[in-house]
Amino acid sequence: MSHAISRRDVLRGTGALVLAFSLSRHAFALTETGASETALRGLPGSLDSTPLLDAWIGIDAGGNATIFTGKAELGQGIKTALLQVAAEELKLPLPRLTLVTADTGRTPNEGYTAASHSVQESGTAIRNAAAQVREILIGEAARRAGVGIDRLTARAGVVTGPDGVRYGYGQLVSDQLLHVDAQPTSILTDPRDFTVMDRPVPRVDIPAKVTGGAAYVQDMRLPGMVHGRIVRPPSYGALLLSVDAGPVEAMPGVIKVVRDGSFLGVIADKEWTAIQAMRRLAARAQWEETAQLPDEARLPEALMALPSRDQTILDVGQPDVPSYAINALFSRPYLAHGSIGPSCAIAHADDDALTVWTHTQGVYPLRNALATLFGMPQEKVRCIHVEGAGCYGQNGADDAGADAAMLARALPGRPVRVQWMREQEHAWEPFGPGMAAHIRATLGPDGSIAAWQHEVWSQSHMMRPGPPGTLLAARDIAHPFPPPPPVDLPMPEGGGDRNAIPLYVLPNARAVNHFLPEMPLRGSSMRSLGGYLNVFAIESTMDDLARLAGQDPVNFRLRHLKDERAIAVITTTAERFGWKERPRPPAGSGYGFGFARYKNLEAYCAVALEIAIDQDTGRTVILRAVAAVDTGQVVNPDGVRNQIEGGIVQAASWTLFEGVRFDRRRVTSVDWAAYPILRFAHVPRAVEVHVIDRPGLPFLGSGEAAQGPTGAALANAIRDVTGARLRALPLDAAKVQAAMLAASFKAAR
Amino acid sequence: MTTLTVNGIGRTVSSTPDTPLLYVLRDELELNGAKFGCGLGQCGACAVLVDGEPVFSCITPVMLLEGRDIRTLEGLGTAEAPGPLQAAFIEEQTAQCGYCIAGMIMRAQALLERIPHPGDDDILTALEPQLCRCGTHMRIVRAVRRAAQNMARASEAGR
Amino acid sequence: MAIRRVVFILVLLSVAALAAALVYAWHGAIAPINPPAASSFDRASIERGATLALIGDCRTCHTAPGGKTLAGGLAMPTPFGTIYSTNITPDPQTGIGLWSLEAFSRAMREGLDREGRHLYPAFPYDHFSLTTDEDLKALYAFLMSRDPVVAEAPPNELPFPINIRLVLAGWKLLFFHPEPYAPAPARDAAWNRGRYLVEGLAHCGACHTPRNLMGAEIRSEEFAGGEAEGWTAFPLGRHSAARIPWTEAALNQYLRQGWQADHGVALGPMQPVVENLADAPADDVAAMAHYLASLGAPDGISPQATAAPPDASGQRPQSAGWQAAVSAPAAGESEGRLVFAAACASCHDSHRSLPLGGVDLALSTTLAAEAPRNLLNIILLGVPASDGHVAPIMPNFAASMNDAAMTALLGYLRQDVASKPAWPELPDAIAAARRAAAPSTKAGAAR
């Protein structure tokens with residue numbers, strides 16, 4: 001096999017096509033996806049941790065393939081993309097493939113579906129595995145027909161050759177044929193020969209979603225299933241002093257009230273009954289509250305005053321100068337993932353086993369957490385991923401899984417479905433952390449950046465399961481698990497300091513990460529982690545520096561860049577937008593530009609915006625957004641466009657409207673009235689996404705590429721319209737209007 | 001016992017009359033289209049049509065719906081034979097997670113029944129009560145526009 | 001309405017005949033000027049004018065849906081026909097570009113346009129006439145420094161003889177007796193400021209004071225409540241029907257924030273008013289609240305506070321189930337009570353203050369009002385989400401609640417919750433409110 005590969009490699013000159021995949025600049029133990037960055041076997045993608053080919057691909061006697069991925073569909077279209085990858089390399093038509101996603105009972109352990117790593121890790125593994133399976137099948141055909149493999153071709157699930165040689169895949173497979181370890185290199189299809197990959201294949205999950213098929217864990221109905229609801233405490237860490245459960249237990253249809261310490265839940269035969277019972281129970285519960293939250297109005301100051309672990313993550317040249325042209329503090333509030341569908345899980349417990357259907361991003365880490373929580377052997381706990389509503393990071397999914405498991409263990413033999421209420425999702429999900437960033441920068445005599453300093457303050461962005469103390473239920477039970485020590489995700493991907501190192505070429509620059517071990521509010525991963533604020537701060541400052549230097553902001557960025565792919569997305573965006581020839585906007589309108597390479601490792605994305613601000617109300621509407629993105633080898637161009645479009649709209653919502661509200665004890669933004677997000681009135685009037693394909697280059701994640709650049713482009717456009725630089729997110733109508741007023745006073749002086 | 005007409009079929013349901021329609025649709029009639037989003041009438045994930053008008057099924061007790069014509073996403077078509085709006089949403093690949101889409105389609109259906117040729121402003125205004133978190137708004141508007149065109153073309157061809 | 005109109009026309013005709021004979025009716029044009037450059041006004045004046053314009057709600061009436069701000073063209077339905085607001089940007093042809101300060105001041109004080117034609121009192125010059133010279137100058141500076149917009153307002157749709165502007169001279173003779181604002185020396189500055197704004201630019205009485213058959217405010221019944229665009233403008237001060245007296249703090253919060261926990265949300269034509277005041281100077285709004293609070297409260301209303309206990313389940317934002325559990329109604333309970341329990345109680349009985357819960361209906365002015373119109377409007381229209389702002393949201397029940405259910409619900413709310421006599425002619429009121437709330441079937445009509 002390895003002989004065949006090396007020979008064919010040489011024949012086809014496919015050196016560039018071998019995706020020997022390694023991103024590691026520094027070896028470190030923990031990444032956001034939980035994958036090891038230190039290669040174990042030197043195999044591509046997740047094959048490195050799960051090398052057996054039949055762990056990834058099975059072929060049945062009919063010649064149909066089942067693909068196993070440890071990653072989960074989160075609405076990002078990963079199912080379709082992975083099927084495309086497999087179909088391309090297996091040379092099988094798409095309809096003959098079935099995909100099994102994250103299931104501790106069936107699929108490889110690929111950690112978390114996070115950090116825009118899915119196509120890189122799982123896609124790379126499946127692509128290589130599929131290519132190797134195809135070659136094994138060809139090899140088997142060659143053996144049976146007694147001809148050389150180079151005279152055989154695999155196409156549409158059939159291996160054909162001279163003299164009528166013809167074997168369907170189903171004829172070729174036998175029990176142990178695919179039960180072999182993967183090889184380090186594969187014969188990959190030349191991008192010029194792609195028939196499925198790089199095509200806008202329709203998503204496999206959409207028809208069910210638009211016609212009322214069972215598409216989500218929320219839609220699952222298991223025989224004998226009952227409904228549970230949880231009564232969460234009124235604030236972080238509150239203790240349940242007493243609850244008068246009797247009248248609730250007596251309600252018709254209520255099966256059981258479950259209490260363990262401060263964990264309180266109820267099970268009923270119908271969902272509405274469970275909700276009613278939960279409300280009654282909540283009204284009868286007495287709590288002792290101790291939480292002390294920071295002053296929301298002075299959040300950045302409160303964060304910066306917390307003890308920190310400081311690390312210099314960049315230090316080049318002499319960034320200390322007597323004074324800086326820009327010396328400014330940027331901040332973001334806590335942000336809610338705000339899934340439209342509250343978190344849900346179904347759990348089934350019997351004698352010694354537990355099964356949980358969950359929309360967690362990591363079935364294996366959740367399984368481990370539940371096993372520890374319940375003192376069960378890991379192999380007795382099975383977590384099966386079923387889609388939920390979009391999560392954009394860690395929402396309440398894992399917690400709901402634990403909640404359902406808690407109730408199911410109290411009612412063995414019956415599947416218990418738990419869905420959170422809206423106020424629970426809004427109050428108890430682990431928020432995207434509030435953050436502060438301080439930038440100082442100055443220009444040299446040549447109009448380029450002479451000194452740059454970036455400091456960022458943030459709590460952990462990675463509090464996912466693994467340790468049971470990450471789960472709400474585990475903290476509330478009578479013998480609780482303490483919250484685990486917070487994780488400071490290390491560079492180069494980083495957590496709070498993600499993207500804090502500018503991609504720009506700066507001769508004198510320092511970046512310092514002030515990691516805050518305390519967690520004033522519960523927080524964890526939310527799309528782009530610290531990258532959103534860091535890019536917002538960097539790109540806002542780039543804009544101000546360009547203005548100070550009297551240079552066009554796009555040219556100013558370009559003169560500080562050497563990376564050709566960065567330059568390409570910026571120039572493509574500028575050209576497609578018509579940046580150079582942009583007309584002088586009418587009053588109340590303006591332009592803004594933003595750019596970043598996500599994590600400095602993933603997709604490149606630049607965004608140009610034209611906005612209009614209602615002079616009466618300060619409301620900002622995006623008239624036109626143009627983006628260019630380079631995600632390396634594109635698997636599904638429409639999927640990439642969908643991600644970037646969505647990223648722009650979601651980031652517009654974060655930037656213009658959002659912030660978690662709280663008083664000194666409780667989170668108060670517990671519904672859509674108190675946590676408003678973008679509605680249709682603020683939808684951009686036009687969004688254009690240009691995908692720069694890089695055939696043969698490694699896949700780069702695109703799901704989080706647009707958020708930072710969009711936030712920055714909005715701030716820059718608002719600066720263009722109003723003359724005011726807003727640095728404290730969100731840039732809501734009141735702030736914009738106050739800024740317009742202040743700026744007009746300034747102009748009058 | 002309450003008698004409801006759901007997608008043209010009379011159904012007798014045993015849930016108490018105060019039960020919001022959403023739970024009757026999902027738990028008793030086993031229909032997936034309407035989704036629980038907020039239970040407050042703030043997000044529209046649960047939208048269905050009652051006598052052609054969109055309502056939030058999560059806050060509408062079934063006692064109000066005796067004898068009324070209730071339509072859900074399932075009443076518009078199937079994966080094999082999608083209705084015009086569903087087909088347009090598939091053609092435009094209008095979903096990321098898709099959780100909000102059922103409600104979007106139902107409200108768009110009511111719009112197109114009222115205004116067969118809506119302008120973009122009509123679409124934006126009609127969909128204002130509906131929330132999407134993934135940011136698929138652009139595609140949703142495109143799909144509604146496309147559905148209107150497809151329906152117009154179909155009715156012309158039928159003439 | 002028909003009888004009212006006939007009476008009105010008869011009266012008006014006779015008055016017009018009389019008035020037309022009078023010199024009073026005739027006013028000359030004020031010479032046009034070259035539109036002054038925006039830079040000719042000092043910044044402070046413009047800024048001050050901008051805030052006064054907010055308090056005066058200029059943009060609310062003088063902006064058409066989807067149109068440019070202050071460029072006019074908004075259709076204003078009146079009992080007598082439709083009047084279109086005019087373009088008050090400084091465009092010389094279609095706006096007020098040729099107007100001198102003198103012409104502008106005359107319009108504000110006397111209800112005459114630059115050419116000397118009488119203006120319909122839909123333009124509330126009966127209030128604006130109080131405006132001081134200094135404030136008029138600031139307003140003028142603000143308006144004349146806007147970007148000129150070319151926009152011709154559609155012609156008014158008024159029947160004869162109201163379409164003859166000269167008849168307005170008679171109307172003015174009868175009902176319009178402007179006097180300059182006279183401060184009350186015994187009162188403090190905030191009260192005087194508040195009164196000046198409330199009676200003048202803010203023209204609160206235009207909606208909150210009843211009007212006579214000829215559309216003039218009945219001065220003797222100031223703030224006794226009026227009507228606007230299908231909504232009841234509730235009585236204020238000692239006429240107020242509020243169950244919880246309006247405190248100064250509550251008024252201030254309501255006017256600036258658009259909602260207040262005890263009293264609910266500003267809706268209908270009050271909504272743009274609070275949107276304007278949200279951006280107006282805090283001191284001015286506070287002065288208005290101060291003055292309005294000084295108008296007193298009806299006798300016999302005790303300032304009872306029935307705020308939920310701070311530990312009620314509804315006051316625990318992070319806990320599950322802030323909505324109230326619906327208690328299954330006992331057998332034989334009224335239909336209205338059943339509807340309320342199933343459709344309304346989970347929020348309105350949650351003892352959870354706005355923006356998260358629903359107002360306690362037992363304390364609602366809307367239920368205590370003479371007519372059910374506002375309650376019907378709220379049920380039919382809901383409280384839509386305020387895009388991007390923290391504000392209460394209430395879903396509407398127009399489609400889900402049929403007339404029978406609505407009749408039963410209103411009966412229960414009015415009689416059992418508010419303990420007031422039944423509203424008469426409920427079916428007619430429901431039908432009228434439904435007609436007004438029905439969505440349009442025309443494309444583009446939404447905006």
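Contact here means heavy atoms within 4.5 Å. By that definition, the contact between chain A and chain C takes 45 residues from chain A and 36 residues from chain C. This is a predicted model, in which local features need pLDDT of at least 70 and side-chain atom pairs count only at pLDDT 80 or more, while totals for chains, interfaces and linings use all residues. Residues are numbered from 1 along each chain as its sequence is written, chains are lettered from A in the order in which they are written, and side-chain values use heavy atoms, with hydrogens and water left out.

**Chain A with chain C**

- Chain A and chain C bury about 3,200 Å² between them, with 51% of it on carbon and sulfur atoms; buried area is the accessible area (1.4 Å probe) that two parts lose on being put together, summed over both.
- The count of salt bridges between chain A and chain C is zero, where a salt bridge is a side-chain nitrogen of Lys or Arg within 4 Å of a carboxyl oxygen of Asp or Glu.
- By class, the side of chain A that touches chain C has 25 nonpolar, eight polar and twelve charged residues. Ala, Val, Leu, Ile, Met, Phe, Trp, Tyr, Cys and Pro count as nonpolar, Asp, Glu, Lys and Arg as charged, and the others, Gly among them, as polar.

**Chain B with chain A**

- On this side, 57 residues of chain B are in contact with 67 residues of chain A.
- The area buried between chain B and chain A is about 4,900 Å², and carbon and sulfur atoms give 55% of it.
- Gln96(B), Arg133(B) and Met138(B) supply 18% of the area that chain B buries against chain A, more than any other three residues.
- Seven salt bridges are counted between chain B and chain A.
- Lys270(A) and Glu28(B) meet through their side chains in a salt bridge (4.0 Å, N to O).

**Asp113(C)**

- Asp113(C) counts as buried because its relative accessibility is 6%; buried means under 20% relative accessible area, exposed over 50%, partly exposed in between (1.4 Å probe, protein chains only).
- Not counting residues up to four places away in sequence, Asp113(C) touches Trp99(C), Arg106(C) and Leu119(C).

**Helix 13 of chain A**

- Helix 13 (residues 531-548) of chain A has 18 residues; helices (H or I, at least four residues) and strands (E, at least two) are DSSP runs, numbered from the N terminus.
- Since 16 of its 18 residues are buried, helix 13 of chain A is largely enclosed by the rest of the structure.
- Gly550(A), with a positive phi near 65 degrees, follows helix 13 of chain A.

Terms used
Expected span 1.5 Å × (residues − 1).
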